[in-house]
Amino acid sequence: MKFFSGRRFILGSLALLCAANLTALPARAAHNTRQFIENFGNKLVAIVNSPIPLSEKKEQVLPLIQQNVDIDAIGRYCLGRYWKVATPEQQKEYIGLFHQVLVNAITDKLGDYRGVSFTIGNVTKSGDDESVDATLVRPQQPPATMQWIISNASGTDKVVDVVGEGASLRLTQRQDYSSYIARNGGNVGALINALKRQIAHHTPDAH
Amino acid sequence: MNSGRNGKRIRPRGQAHNAQAIQGTSASRRFSPRRAGLVLSVLALAGCSSIEAPVPKDPDALEDYKQANDRYEPLNRKVYNLTMKFDKWALRPVAKAYVWAVPHPVRNSLGNMITTMNEPSVFFNDVGAGRPRRAGDAFARWCINMSVGIGGLIDVAKMAGFPHHDNDAGLTMANWGVPSGPYLFLPMGPSSFRDGIGYGIDQGLSPWNYVPRGYGLISFNWAYNMMGVVHGRSEHLDDLDALQRDALDPYATIRSAYQQQRKAQAEAIKNDHRATVPLWYHVKNRQQG
């Protein structure tokens, strides 16, 4: 009974408590991540499936994206090594443009789908972030599996990447941008101009 | 991204088959990969001065260079531009016409047939990769679809619990630990040294390249090859249009997506440790037990 007496007991229980906490922590994190993506996904699908006109859908989706997707972080990632090269003004301008490009890319897709549903699979660790398996079911099309990468770096859970058929969207985008900049003499201004052109040529009713 | 015959490709591997159509004899058809290699090496020699990209000195740029794994970028870009020109003026319009003229269910059936007829090559590769469950699936798919599925037109195997999966010799070699080697853009689509060799092996593994003369089988084979190319392209009309429109450097985007995708495909095969018996067996057992 000596074991239970005194400091040893306190230390022992403290250690046990810590250990229990440690094992519980990832499980809790995974649970939160799952809930986050479930929430976000349900809201998104509700808008996509609703019978309201496309322009209204776009309006409703905008705040949802800005709240749940870490566009700044994705933008920085996509600029890669040129983020350091860019001047603070260029960085600011680029992030502003990137917001618009990304939002355009997402809202363009809204009209394509109707009657979609999704299921959430495993939540696994992926470096510092968490990866959530999700399957998107569209009518008359084979189900699409993808992984959503969720980061907590900004303080709250936010989407930082989507991986479809093994290809990470942000990595592909980064290699697109860096190749473009490299072929334009390493000039970040060239990318900014190209993004401006892209936004100017964007026709919102193309879909 | 299905080329029709041998699984996933961002661009169909079509033009190789078209080249065969012009050459015509069955011998040249059988050894077309070798011929393609010859053409490639001639091309390589012709442009010797500018086929290799200079290695950058800046450490950050070097990092990008290594990640892209594209030593022969200048040559690849030339092939890419040529291929895209051919696509723009020939393949894409034909694929669009095909979508316009042929109703969806018929196209679907033709797609099933093309997938089924490639199943032997998938099977041999599954065996090569040492994945009995996958090999069994491919084998069952072939037997069921070629008989009950009327030559593959109906994907009965999928309904019976044997969904299609892709495999090719490039992935098999990846599982053996063969490195991909530098990236290559071939006339039939994005590739690498390993995957290019794999493409040749797949041609050898496909029984359709061994059909005897006569009985109209060779004409059928041509039709099948052309069909595969056009059908494969038709499945990616919107994807490729969007990519060409949205990417600032479509070449680099295709390269990146292809490399990531191949890596993920090889990983998926490596991590497939499913038992040999199909799913319904377990379900049945569970119900009984």
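## Sheet of chain A

Strands here are DSSP runs of E with at least two residues, numbered from the N terminus, and two strands pair if DSSP finds at least two bridges between them. The model is predicted. In chain A, five strands form an open sheet in the order 1-2-3-4-5, with antiparallel pairing. Strand 1 and strand 5 of chain A are the edge strands, each pairing on one side only. Strands of a sheet pair through backbone hydrogen bonds, in either a parallel or an antiparallel manner.

Strand 1 (residues 117-126) and strand 2 (residues 129-137) of chain A run antiparallel and are joined by eight bridges. Within this pairing, A:Thr119 has A:Thr135 of strand 2 as its bridge partner, and A:Lys125 stands opposite A:Glu130, also of strand 2. The two strands form a hairpin with two residues between them, and A:Gly127 in the turn has a positive phi of about 65°. Strand 2 of chain A is also joined, by seven bridges, to strand 3 (residues 144-151) of chain A, again in an antiparallel arrangement. Here A:Val132 stands opposite A:Trp148 of strand 3. The hairpin of strands 2 and 3 of chain A has six residues between the strands, and A:Gln140 in this hairpin takes a positive phi near 60°.

## Overall make-up of chain A

Chain A contains seven helices and five strands. Along the sequence these elements follow the pattern α-α-α-α-α-β-β-β-β-β-α-α. Of the 207 residues of chain A, 39% count as buried. Among the contacts in chain A between residues at least 6 apart in sequence, 52% join residues at least 24 apart.

## Interface of chains A and B

The size of an interface is often given as the accessible area lost when the parts come together. Chain A and chain B bury about 1,700 Å² between them, with 44% of this area on carbon and sulfur atoms. The contact takes 20 residues from chain A and 22 residues from chain B.

Three salt bridges are found across the interface of chain A and chain B. One of the salt bridges is between the side chains of A:Arg81 and B:Asp64, at 2.7 Å from N to O. On the side of chain A that touches chain B, the elements that give two or more residues are strand 5 (167-168), helix 6 (169-183) and helix 7 (188-201) of chain A. Helix 6 of chain A gives the most, with nine residues. The residues of this side of chain A divide into seven nonpolar, eight polar and five charged.

## Salt bridges within chain B

Over all chains, the whole structure holds 21 salt bridges. In one of them, B:Arg71 is joined to B:Glu52, the closest N and O atoms being 3.5 Å apart. B:Arg71 lies in the loop between helix 4 and helix 5 of chain B and B:Glu52 in the loop between helix 3 (32-46) and helix 4, so this pair ties together parts that are 19 residues apart in sequence. B:Arg71 is partly exposed at 37% relative accessibility, and B:Glu52 is partly exposed at 41%.

The side chains of B:Asp241 and B:Arg92 meet in a salt bridge of 2.8 Å, N to O. Because B:Asp241 lies in helix 13 of chain B and B:Arg92 in helix 5 of chain B, the pair ties together parts that are 149 residues apart in sequence. B:Asp241 is partly exposed, with a relative accessible area of 24%; B:Arg92 is partly exposed, with a relative accessibility of 24%. Another salt bridge joins B:Asp246 to B:Arg245, with the closest N and O atoms 3.3 Å apart.

## Positive phi values in chain B

Most residues other than glycine have a negative phi. In B:Asn69, by contrast, phi has a positive value, near 50°. B:Asn69 lies in the loop between helix 4 (59-68) and helix 5 (73-101) of chain B and is partly exposed, with a relative accessible area of 28%.

B:Ile150 also has a positive phi near 50°. B:Ile150 is found in the loop between helix 8 (132-147) and helix 9 (156-159) of chain B. With a relative accessible area of 53%, B:Ile150 is exposed, because exposed means over 50%.

Notes. Residues are numbered from 1 along each chain as its sequence is written. Chains are lettered from A and ligands numbered from 1 in the order in which they are written. This is a predicted model: local features need pLDDT of at least 70, side-chain atom pairs count only at pLDDT 80 or more; totals for chains, interfaces and linings use all residues. Side-chain values use heavy atoms; hydrogens and water are left out. Contact means heavy atoms within 4.5 Å. Buried area is the accessible area (1.4 Å probe) that two parts lose on being put together, summed over both. A salt bridge is a side-chain nitrogen of Lys or Arg within 4 Å of a carboxyl oxygen of Asp or Glu. Helices (H or I, at least four residues) and strands (E, at least two) are DSSP runs, numbered from the N terminus. Ala, Val, Leu, Ile, Met, Phe, Trp, Tyr, Cys and Pro count as nonpolar, Asp, Glu, Lys and Arg as charged, and the others, Gly among them, as polar. Buried means under 20% relative accessible area, exposed over 50%, partly exposed in between (1.4 Å probe, protein chains only).
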